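Student: I have a structure open on my screen and would like to learn how to read it. Could you walk me through it?

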Amino acid sequence: MSNNKMKFDTQSIHAGGEHKNPENALNPPIFLTSTFAFENTDKVDAVMNFESDDYVYTRGNNPTLRLFENRMAELESGSGAVAFASGMAAISSVLFSYLRPGNKVLVHKTLYGSSYNVVTKVLPKYNIGHTIADLADTERLSEWVDEQTRVIYFETPSNPNLSIVDIKKVCEFARSRGIKVVIDNTFATPYFQRPLELGVDVVVHSATKYIGGHGDVVAGVAVSKDSDYITSLKFDYMCEFGGVRSPFNAWLLLRGMKTLGLRMRQHESNAIAAAQFLQGHAKVAEVFYPGLKDFPGHEVARAQMDGFGAIVSFEVKGGLEAAKRVVNNTRLFKLAVSLGDCESLVQLPAAMTHRGYDQESLKQFGLSAGMIRLSLGLEHIDDILADLDQALAQA
Ligand SMILES: Cc1ncc(COP(=O)(O)O)c(C=O)c1O
């Protein structure tokens, strides 16, 4: 079943094409096989010449991976997707696919720590430069690019301070300069934001997070409207770098995706309540959440998103020491990196996910040492607020 008119909640269960399942199994089987046997050499020639979409070897393709890719492509309004072993495999492969020695990438000033490391530490080894700027200030885009800039890369909302970048404005500018736009849509998921509809060239995800949703798998994906690009990304990069995902993990993601919309609604409802609670709390200095009316990116987020997501960051009065007392005293919230799980998680980005930033950059990019990031889970909101309240009492 494949029908673009289906609603998101239906697509996330049914999209991706009809599958011939043995014994009429309702759920797709997991094809745990590394290789596929051919009937004869004609079949070999057909698939090697891209005349048939039969399977050869799981590093190139596999029915469970293909179903995941097709479903993800439909959810993101793309024409194809490539499944990767992790979000970082997807991000680094897409950047390498577009950038050549001598080129530059323009990135937003706040990025997930490992993405920042790829841009500032790995790419320079291949003579690929970067400019780091506040892409929320779209009026200044032309100041930050030159003839060598081939890619603009950012997250919106960004990790960990939820800053919002106007996707349409960046894409309009980039198109006028022949620059590709790549966006990490991990925080929003396609349930709340579909960047390809706004002009983005490639969407990447850490599918480890909300797409899987249960904290039991590490995975990534890249989606695009350009099927030639997807073929090249798959066979020239994913397949050759070898960052392939296990079919078992693809199956776990397919299972998780069935409830993506349902989960995102509940995650977000908990996040809105938590953000409002924190905003009214005497020990809290600042709350970062795009759903708050006075948050700087609120209006842009409202225009380009269908919801605000479920990550809330905040600073407590008393700085790092007070923040440590809060995260060391939560009971329901587990002190852990990652996000998007059923369990509520808490962490200190400067000491954990964003440790790759040096102290100077942290300051420059507005990430304080004491910033606390919450990933609101699916527990009952009364228990979530009670836990925050008792932990804040220790601040
Ligand atoms: C926004 C964002 N992008 C990418 C990644 C990397 O994904 P993975 O851990 O699946 O490689 C993360 C991981 O936390 C992330 O938060």
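Predicted model: local features only at pLDDT ≥ 70, side-chain atom pairs only at ≥ 80, totals over all residues.

Student: Then where does phenylalanine 50 lie?

Tutor: Phenylalanine 50 is in the loop that runs between helix H2 (41-48) and helix H3 (63-75). As a general idea, most residues other than glycine have a negative phi. Phenylalanine 50 has a positive phi, near 60 degrees.

Student: And peptide bonds, how do I read those? Which residues does a cis peptide bond join?

Tutor: In general, most peptide bonds are trans. Here, a cis bond links threonine 156 to proline 157, with omega about -5 degrees. Another cis bond links asparagine 159 to proline 160, where omega is about 10 degrees. Proline 157 sits in the loop between strand E4 (149-155) and helix H6 (167-177), and proline 160 is also placed between E4 and H6.

Student: Now the ligand. How many residues surround the ligand?

Tutor: For this, a residue counts as near if one of its heavy atoms lies within 4 Å. The ligand has 13 residues around it, and Met88, Asp184, Ser206, Thr208 and Lys209 are the closest. Sorted by class, the shell has five nonpolar, six polar and two charged residues. Helix H4 (residues 87-98) gives the largest share, three residues.

Student: How do I describe the way two helices pack? At what angle do H4 and helix H5 pack?

Tutor: Give the angle, the distance between the axes and the handedness. H4 and helix H5 (residues 113-122) pack at about 35 degrees, their axes 10 Å apart, and the crossing is right-handed.

Student: Which residues of H4 and H5 meet?

Tutor: From H4 come Met88, Ile91, Leu95 and Phe96, meeting Ser114, Ser115, Val118, Val119 and Val122 of H5. This contact has seven nonpolar residues, two polar ones and no charged ones. Notice Met88, which is also among the closest residues to the ligand.

Methods
Residues numbered from 1 in each chain as written. Heavy atoms only, no water. Helix = DSSP H or I, 4+ residues; strand = E, 2+ residues; numbered from the N terminus. Nonpolar A, V, L, I, M, F, W, Y, C, P; charged D, E, K, R; others polar. Axes fitted to C-alpha atoms, helices over the stretch in contact; angles between N-to-C directions. Left-handed = near helix turned anticlockwise from the far one by under 90°. Contact = heavy atoms within 4.5 Å.
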